[in-house]
Amino acid sequence: MQVLSVHSWPQAIAHLDADAFFVSCEQASMPALKGKCVAVGKERGIIIALSYEAKAKGVKRGMFVSDAKRICPGIIILDSNHETYGLFSVRMFEILKRFSPKIEEYSVDEAFIDLTGLRRLYSCSYEEIAVKIQNTIEQELSISVSIGISITKVLAKIASKYKKPHGITAIPGNKIHLYLSNILIEDVWGIGPNTASLLKKFDIKTALDFALKNENFVKKYLSKPYIQIYKELKGEPSIEFIEKISPKSISKAKSFYPPSQKPEDLILPHQTMPFALSIYSLTLFLIMALKDRCFLFFKAISLAS
DNA sequence: CTGGGGTCCT
DNA sequence: AGGACCC
């Protein structure tokens with residue numbers, strides 16, 4: 001079998017996925033619920049999250065609560081509490097930021113972490129860094145997470161769900177093909193039912209079948225997002241890493257008309273009013289957007305000709 | 001095989 | 001605007 005990428009770690013991208021996140025948050029808040037069949041979704045009568053114990057009994061997401069109770073007598077059904085989940089999420093991302101400055105908050109319970117070059121700092125392998133992250137989250141938040149590490153985002157996604165719950169999976173560049181042969185094409189991030197059935201018409205059933213196709217085929221039948229997925233499966237980074245860094249400073253420029261000729265013009269109300277209004281609306285926006293995460297202050301109001 | 005909310009692409 | 005896909 002041909003090797004898709006020669007180098008083990010040209011870069012290291014981790015994908016973290018919390019295990020049964022909503023239920024884990026409830027169990028962390030109410031330890032008596034740990035190890036039990038627990039689900040969330042009482043208020044709508046539909047199961048939206050469930051513990052692994054409940055999964056083992058055959059309960060599924062989207063089921064009616066009444067059916068879940070029949071299949072799994074004694075299951076504890078809770079109202080969902082999204083404020084709590086948001087708090088756990090923020091605390092989880094804060095832990096991740098201690099390990100790497102480059103984090104992509106992908107969803108409430110998922111994140112990408114760029115670990116490239118951090119082995120020397122922690123004096124251990126990428127896999128062992130993932131273990132440290134997993135342990136820290138467990139100790140501080142008492143929730144369980146699974147982590148995958150590989151050389152692209154798509155491969156890291158595959159790695160994080162390779163072993164769940166509480167798994168750690170590393171896919172170095174020179175071992176990609178060994179993992180992709182076990183991955184169904186419809187299980188690849190970004191390949192939906194539509195594209196999966198198209199690819200199956202060409203006898204592409206696994207992620208490896210897809211990765212081994214030549215690029216001309218892919219460009220002929222598929223659009224941009226799928227070309228990116230194809231490249232990422234082969235170990236070539238193609239999907240942008242989106243860091244959501246809150247800006248250190250924000251500036252707002254406003255031009256005056258007519259242009260001022262001398263300093264005294266600047267104090268004329270009809271010219272400064274629009275500027276004051278735009279500052280006011282920008283400030284309101286910042287207060288809403290940044291809330292309690294930042295202190296807001298004005299550093300300078302500068303004038304240019 | 002449930003569904004509301006979101007993003008990215010054509 | 002509509003399609004595909006994600007959580």
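**Entry 1: a helix pair**

I started with α4 and found that α4 passes α6 in a right-handed crossing; right-handed here has the near helix turned clockwise from the far one by less than a right angle, left-handed anticlockwise. Helices are DSSP runs of H or I with at least four residues, strands are runs of E with at least two, and both are numbered from the N terminus. I then looked up the geometry: α4 covers residues 82-99, α6 covers residues 126-141, and they pack at an angle of about 145° with axes 10 Å apart. The axes are lines fitted to C-alpha atoms over the stretch in contact, and angles run from 0 to 180 degrees between N-to-C directions.

A note on ground rules before going on. This is a predicted model, where local features need pLDDT of at least 70, side-chain atom pairs count only at pLDDT 80 or more, and totals for chains, interfaces and linings use all residues. Residues are numbered from 1 along each chain as its sequence is written, chains are lettered from A and ligands numbered from 1 in the order in which they are written, and side-chain values use heavy atoms, with hydrogens and water left out.

**Entry 2: Thr136**

Which residues of α4 meet α6? I listed Phe88, Arg91, Met92, Ile95, Leu96, Arg98 and Phe99 on the α4 side, and on the α6 side my list includes Thr136. Contact means heavy atoms within 4.5 Å.

Is Thr136 buried or exposed? Thr136 counts as buried because its relative accessibility is 13%; buried means under 20% relative accessible area, exposed over 50%, and partly exposed in between, with a 1.4 Å probe and protein chains only. Beyond residues up to four places away in sequence, Thr136 touches Ile95, Arg98 and Phe99. I also saw its side chain reach the backbone oxygen of Lys132 at 2.7 Å.

**Entry 3: Tyr122**

I found Tyr122 in helix α5, residues 119-122. Setting aside neighbours within four places in sequence, I have Tyr122 in contact with Arg98, Phe99, Ile129 and Lys132. Tyr122 and Arg70 lie 52 residues apart in sequence and 50 Å apart in space, C-alpha to C-alpha.

**Entry 4: α12 and the whole chain**

In α12, residues 224-233, I noted Ile227, Ile229, Tyr230, Glu232 and Leu233 as the buried residues. They pack against α7 (153-160), α8 (176-180), α10 (207-211) and α11 (215-221). Gly235 follows α12, with a positive phi near 95°.

Zooming out, I counted 13 helices and 8 strands in chain A. Buried residues make up 42% of its 305 residues.

Conventions. Polar contact = N/O pair within 3.5 Å; in protein donor to acceptor, adjacent residues only side chain to side chain.
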